[in-house]
Amino acid sequence: MSHTHHPDEGGEPAETDLRVRALRTVLEQKGYVDPAALDVLIDTYETKIGPRNGARVVARAWVDAAFRKWLLEDATAAIASLGYSGRQGEHMVALENTESLHNLVVCTLCSCYPWPVLGLPPTWYKSAPYRARAVKDPRGVLADFGVTLADATEIRVWDSTAEVRYLVIPRRPARTAGMTEEQLAALVTRDSMIGTGLPRAPGGDR
Amino acid sequence: MSYQSRADLGGQDLRERVVPEPEGELFHAPWEPQALALTLAMGATGAWNLDMARSARETLPDYRALSYYQVWLGGLERLLIEHGLAAADEIAAGRMLHPPRPGLRVLQAVDVSGALAKGSPTQRPAATPPRFAAGQEVRTRAAVAEHHTRLPGYARGKIGRVEQIRGVHVFADANAQRLGEQPQWLYSVVFSARELWGAAAAPSHRVSIDAWEPYLEPVA
């Protein structure tokens, strides 16, 4: 494996690898886990459940006023209507950014995250610096992501301390009037749905 | 010894940068997806609940030195031992040394997508009306809990305002201690940054938590 340095990563990889193999063997021998189920679980989060789901939710809200209204009133049902529901997204709330309000989501106590729409949380979301600083110094955290907001913009930080899971609906970028829902979804980044980023501008290089 | 969570990080004085990560970068070692899958599969057996799992993880003595999936791994080993599903000697040996516990519900491959889509909703029917109304000022509990809790330290003994009533939900504090679900009203409570962090905080900055009713008392 090519090792990228993550400040939160500790321990010896080789030792941990052996430990996980050992544990899997014990659980398989005891008949507690179905090896095929483990493969399906991994494949699901590698290929099926990820931030493109949330991007489709956001794009739909941008183009469909009735859906946007439903999403803000009952996000769980509105999101389920697009096929996304369940584990770690049982009780969803959508947070709409406006010209004067920017929402930022964190879980300071562990790493609660809306899995059905965003998939597995990124390393930084689970890291100690993010969890420590997001509630106290959100502008400093945003600076780490290259995001600067106007001084007058209110920053609202949502600490996910219970089973409510939050999805940020970023503001629709300018000059996107003629774009299709699919093209709009491509502008919606994962980080923009957590609040640490903004959507891409149309015609950008990514 | 008293209960000690090592995971309550909000507001701690950590200066390190937050390091962004590309969207497709899911795992950083081959064992990480294995730890994820084992944890999810064992969670699906129902031998413990999510609050017990969080409690097992947050009290790992070396929590702060571990990566996220190492925390999950340590938590899983601990839960297996605590619930009598595996013994420390067989986890160390890497093979079964004692008979399995019978009657466990095993997650089958064919049932994975259904189980994930269903999840584990925590909302329960209301038996009583909510004690607090939206817009009401409340003070959070000041005392340190001697058990798993979801009231972050930075929000203890602070005055905030109820913004939304989120319904009645399984009470994490009770559920983690094997005391049953004891569902309670849940509220989103918003605080000014000045209330939490002092006069130097920006007036345009607010923070909310989701707080179960027992965490809150009315402000006279």
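Me: Let's start with chain A on its own, how many helices and strands does it have?
Reply: Chain A of this predicted model has 11 helices and four strands, and its C-alpha trace spans about 55 × 35 × 35 Å along the principal axes.

Me: And what percentage of the residues of chain A count as buried?
Reply: Of its 206 residues, 53% count as buried; as for contacts within chain A between residues at least 6 apart in sequence, 71% of them join residues that are at least 24 apart.

Me: Ok, on to the interface, how many residues of chain A are in contact with chain B?
Reply: There are 76 residues of chain A in contact with 77 residues of chain B. The elements of chain A that give two or more residues to this side are α1, α2 (35-48), α7 (123-126), α8 (128-133), α9 (138-144) and β3 (154-159).

Me: Which of those gives the most?
Reply: That is α1(A), with 12 residues on the side of chain A that touches chain B, and the residues of that side divide by class into 36 nonpolar, 20 polar and 20 charged.

Me: What does α1(A) pack against, and at what angle?
Reply: Helix α1 (residues 13-29) of chain A packs with helix α3 (residues 68-82) of chain B at an angle of about 40 degrees, the axes being 11 Å apart, and the crossing of α1(A) and α3(B) is left-handed.

Me: Which residues make that contact?
Reply: From α1(A) they are A:T16, A:R19, A:V20 and A:L23, and from α3(B) they are B:Q70, B:L73 and B:E77, which by class gives three nonpolar, two polar and two charged residues.

Me: What about β3(A), is its pairing with β5(B) parallel or antiparallel?
Reply: β3(A) pairs with strand β5 (residues 205-212) of chain B in the parallel sense, over five bridges, and within this pairing A:V157 has B:V207 of β5(B) as its bridge partner.

Me: Is A:Q88 buried or exposed?
Reply: A:Q88 is buried, because 24 other C-beta atoms lie within 10 Å and the cut-off for buried is 20 or more.

Me: And B:Q182, where does that one lie?
Reply: B:Q182 lies in the loop between α6 (172-176) and β4 (184-192) of chain B, and has a positive phi of about 35 degrees although it is not a glycine. B:Q182 counts as partly exposed, because it has 15 C-beta neighbours inside 10 Å.

Note on methods. Residues are numbered from 1 along each chain as its sequence is written. Chains are lettered from A and ligands numbered from 1 in the order in which they are written. This is a predicted model: local features need pLDDT of at least 70, side-chain atom pairs count only at pLDDT 80 or more; totals for chains, interfaces and linings use all residues. Axes are lines fitted to C-alpha atoms, for helices over the stretch in contact, and angles run from 0 to 180 degrees between N-to-C directions. A crossing is left-handed if the near helix is turned anticlockwise from the far one by less than a right angle, and right-handed if clockwise. Two residues are in contact if their C-beta atoms, placed from the backbone, lie within 7 Å. Ala, Val, Leu, Ile, Met, Phe, Trp, Tyr, Cys and Pro count as nonpolar, Asp, Glu, Lys and Arg as charged, and the others, Gly among them, as polar. A residue is buried if 20 or more other C-beta atoms lie within 10 Å of its own, exposed if 12 or fewer, and partly exposed in between; C-beta atoms are placed from the backbone. Two strands pair if DSSP finds at least two bridges between them.
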